[in-house]
Amino acid sequence: MLNRNDDNELKKMVMLCIAAASCVLLMFLVFLYMNEKDKNKKVAKTVTEVPVTAENDVQYGKSNLQSKDLDFWDLYSPSAEPEIEEEEDTNPISMKDIRNSSSSFRSPLDKPDNMDELSGDNSMNNVSSEEDRDLDDDKHIKVLNEDGTYSYYDINEGLKKNEYDFKKYLSYNGRNFRYEEGNNKAKIGIDISKYQGTVDFVKVKNSGIDFVMLRVGARGYSTGEITLDDKFVEYATNAKNAGLPIGIYFYSMATTDVEAIEEANYAVAACLNYGVTYPIAIDMEVVSNDSYRTKKLSNKERTKVAKTFCDTVKTYGYMPIIYASKDYLVSKLDLTDLTEYDVWLSDEATEDIVYLNDEETVDNSSSSSSSSSSSSSSSSSSSSRKKNDKTSSSSETAIENKEYGSKYPYWYSMWQFSQNGRVDGINGPVDLDMCFVNYAER
């Protein structure tokens, strides 16, 4: 057996061996680390130096490629036409674009200048320019675009047509219009807003007006804020007291369903106390020479706004109606999706002054600020009437031969036929309307 001293010596030797082995291992690891670090430096140096060498070595020369070498249209089969081209084939194209089509190419990815008219579905097709052939016939609708050019649209035979025979039943003697078909006589009304100032509704009714359409409010075309028409409460109260049937309209600039519902709710809430029996209209228009909120909407989006407004009004038990010009209806809405709603068409029969009757005077003294201004207004009106009477007497044959009715082919229940009317009780011009439906008894 080993004694205690031998045992201690053995432990010391083992410890020395372990220490020596550890030192060797540590030195080996240090060597590997240094070697690996040196390799990384070499690689990094190579990576940073290569682009410099490559850049200096590259030579730029003239390419021999031609545009035909980059043509990719042959990758598509003839039947696989781009979707955007199919959409343009079935949507209106302005005359300006038609004239320029032979000298310029527009990429399918570019947005056309008249995207307003091209976007969304439409119920009519634009077919040609005025320069190509005369399309003023009973198969096409002539539309004035916002840029001042004209477009022609095929009449959609699937849409309900109006049956108004203006040539036979619309009379105009140079002063006033009447539409009488047997025992059916179109009612004559006015549409007014705060811009008409003070209105004597008793005189308005006694002059022969059958109904009034009052502007209840509007949404700002840039701010988007809703405001109540300054004269609505006054007009609605006085028109009701005068015994005139009332309808209202809201100047819409809604861009979403939410805004359309907001406008409809606003209009309905405002008219609850006035016994409204005529329709509640969404007034859809363009803004000339300025940008406006709804300009960039597609036809599909505009149509959805109109539909949402009308559906909301209908839920309250009121009659909705869409007010718009002939150009707006045809070029900016999809009429095939609005067939269940009444239309209030704006399409002037004449720009001349239009009176309600053949009487020599129109008393607007209720709106005059003084007797002198009243006299001046009366003198001016008298002068205008004399001029109109002269036209009537000297051009009676021309008046009889000219067709003053609207050429809008589709069905509508109301027609704004003049924006230059004169009505007793209102100072200045006022919009005149015909209604072919008795909404008060409907």
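Predicted model: local features only at pLDDT ≥ 70, side-chain atom pairs only at ≥ 80, totals over all residues.
Residues are numbered from 1 along each chain as its sequence is written, and side-chain values use heavy atoms, without hydrogens and water.

I searched the whole structure for aromatic pairs and got 23 (ring centres of Phe, Tyr and the six-membered ring of Trp within 6.5 Å; planes under 30 degrees apart are stacked, over 60 edge-to-face, the rest tilted). Phe436 pairs edge-to-face with Tyr179, at 5.5 Å centre to centre and 90° between the planes. Tyr179 lies in strand 4 (residues 177–181) and Phe436 in the segment after strand 15 (430–435), so the pair ties together parts 257 residues apart in sequence (strands are DSSP E runs of at least two residues, helices H or I runs of at least four, numbered from the N terminus). I found Tyr179 buried, at 4%.

Next I checked Tyr249 and Trp344, an edge-to-face pair at 6.0 Å and 80°. Tyr249 is in strand 9 and Trp344 in strand 12, 95 residues apart. Tyr249 is buried at 9% relative accessibility, and Trp344 is buried at 1%.

Last, I looked up Glu403, which sits in the loop between helix 12 (396–401) and strand 14 (414–422). Glu403 counts as exposed, at 56% relative accessibility.

Definitions and conventions: Buried < 20%, exposed > 50% of the residue type's maximum accessible area, 1.4 Å probe, protein only.
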